[in-house]
Amino acid sequence: MTGVPRRWRLRLYALECWYELVKQLRMPMFVVFALGFPVMFYIFFGVLFGRGSAPGGGSLGTYYIATYGAFSVISSALFGFGGSVATERGQGWMLLKRASPMPPEAYFIAKLAVSLLFALTIVVLLTICGMAFVGVRVSLPIWSRLAATLVAGAVPFCALGLAIGYWAGPNSAVGVVNLINLPMAIVSGLWMPIEMLPAFARGVAPLLPPYHYSQLALATLGAGRSGSPLGHALVLVGFSGLCLTLAYAGYLRDEGKTYG
Amino acid sequence: MTEPVAELRGATRRYDRVVALDRVDLALAAGQVTALLGPNGAGKTTAVRLVLGLTRPSEGSARLFGRDPRDLAVRQRVGIMLQVSKVPETLKVSEHLRLFSSYYPSPLPAAEVVALTGLTGVEDRQFGKLSGGQKQRLLFALALCGNPDLLVLDEPTIGLDVESRRAFWQEVRNLVTRGRSLLLTTHYIEEADALADRIVVLQGGRIIADGTPAEIKTGGAGRQIRCVTRLTDDELAAMPGVRVVRHDKNRTLLVVTAAERVVQELLTRDPSLSNLDVADATLEDAFLALTAAAPAAPASAMPSSEARTTCPERGSR
């Protein structure tokens, strides 16, 4: 690993990231799901309810940027990261990459970088829509904190995507993501404020990572529910660790397999 | 003596209870084309995986250029083509090449790779829109783009038609004259014969023969007798010196160790025998004889579908 010229390595990482981005942008379905749907949902709910006041103060329009933002970032991380890992693993592409002189971390760094870029794009798009259609006004320092939280929150869900990618087959990974994504989002209060959900959901939500993610995002707006941001952050860190461990176990399992 | 390009020493690989590779010793000399030949499940792919550091040996060791195959500096000297069904479909040929070239310190110019692998004219096409043969060419181009000292090709022509296969062989031959070493696995005997300086026959995870194509031909079998006879396969297989009995369109083919003795016995036992013809065994005959001698040779692994092997009860040593 040492002795490799630094500039050569930087160029390699840059190309890996760039082509990961190009690759995903050329898949129309992914772009529609990752960027189109969140904007549509946000506009729909935002225009209907956005001028009302949110639980804990502030407008619902701003509140929804945090929660729909969280939902979209999770979806794009699970589909973009998890889905592509599962597919590329199934097709043998990952094996070829592993046998190549590519530094192994480059593959994952590229996918993570693209997921973070998508997360930032989502936050920016939702904010623009909020300002244009829902009358959202938010100060730059607060917005920056919200955006940073939403973008950083992509990491635990990339880790979850990675674990799913390693354990679900290439054909079932997307199904698994669909199965857990939406129910988890709704119960965690990403579709409507958790205060409006039945008592059952409010009881279950603290067990789900998206709840802690959205509460962290809401806290930057001063709209969070109970619980300290540090507590939410620790839950997400622990969750990331668990997922990465699972993914590593899946990687080791792959190594012991026969393939074709 | 120069250091071997790649080396397996006492390499065993078990998957659960299956032994895919059983104490294999193999050293590849620089500048040579080595073919690992064997039916499906013989352990060829496992051997390649060990050499490339994709799988650790359960026992023994694997070395590339004298070092751990997982070392990136070693991998920069190796180009690989695995049995990959697809690479990301939305990237173009030129983009795939540019990315893969970036993994190597002194890659070949992209234009040269494109020309060498016959991809001229489709550089701007996305992988998903290429034909089957073009996809295979791109995978070959990815193996080549880093200007490697060693090329490792795992079943490179699987799924190609005869014409594309021959064109591919020509390309490989052109490349090897530039002093590269090549390790390829194949279950096409013709392919091993056309390309290899050295053939290593694997069966059931073990090396059952190792030599030049000529050595394999004579060592494995000897001669081939063709004739029209009314003797049954079982009678023929029971004759001393007969190793394989099979049929082509009209005639019976015998792979034998001592042709004269067998011919004599054939004529004694079947006076009506006709169309007799004795020739050197082909590599395919040798391969059949070798794998028939080892237990459970799957005849289905042979490319010519009409070939039928009968395990000789005697004469198989």
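1. A residue is called buried here if 20 or more other C-beta atoms lie within 10 Å of its own, exposed if 12 or fewer do, and partly exposed in between, with the C-beta atoms placed from the backbone. By that rule the buried residues of helix 10 of chain A are A:Pro209, A:Pro210, A:Tyr211, A:His212, A:Tyr213, A:Ser214, A:Gln215, A:Leu216, A:Ala217, A:Leu218 and A:Ala219. Helices (H or I, at least four residues) and strands (E, at least two) are DSSP runs, numbered from the N terminus.

2. This is a predicted model, in which local features need pLDDT of at least 70 and side-chain atom pairs count only at pLDDT 80 or more, while totals for chains, interfaces and linings use all residues. Residues are numbered from 1 along each chain as its sequence is written, and chains are lettered from A and ligands numbered from 1 in the order in which they are written.

3. The secondary structure of chain A consists of eleven helices and zero strands. Along the principal axes, the C-alpha atoms of chain A fill a box of roughly 55 × 40 × 35 Å, and buried residues make up 44% of the 260 residues.

4. Two residues are in contact if their C-beta atoms, placed from the backbone, lie within 7 Å. Of the contacts in chain A with a separation of 6 or more, 80% are between residues 24 or more positions apart.

5. Why is helix 10 (residues 209-219) of chain A largely enclosed by the rest of the structure? Eleven of its eleven residues are buried, so helix 10 of chain A is largely enclosed. Its buried residues pack against helix 3 (60-90), helix 6 (140-152), helix 7 (154-167), helix 8 (173-187) and helix 11 (229-255) of chain A.

6. Helix 10 of chain A and helix 11 of chain A pack at an angle of about 140°, with their axes 9 Å apart; axes are lines fitted to C-alpha atoms, for helices over the stretch in contact, and angles run from 0 to 180 degrees between N-to-C directions. The two are therefore oblique to each other, given that angles under 35 degrees count as roughly parallel, over 145 as roughly antiparallel, 65 to 115 as roughly perpendicular and the rest as oblique.

7. Helix 1 (residues 6-25) of chain A and helix 5 (residues 104-134) of chain A pack at an angle of about 55°, with their axes 8 Å apart, and are therefore also described as oblique to each other. Residues that meet there include A:Leu12 and A:Cys17 in helix 1 of chain A, and A:Ile109 and A:Val114 in helix 5 of chain A.

8. The contact between the two chains takes 27 residues from chain B and 27 residues from chain A. On the side of chain B that touches chain A, the largest share, four residues, comes from helix 3 of chain B.

9. In chain B, B:Arg198 lies in strand 8 (residues 198-203) and counts as partly exposed, with 19 C-beta neighbours inside 10 Å. Leaving aside its neighbours within four places in sequence, B:Arg198 is in contact with B:Gln32, B:Thr34, B:Gly211 and B:Thr212.
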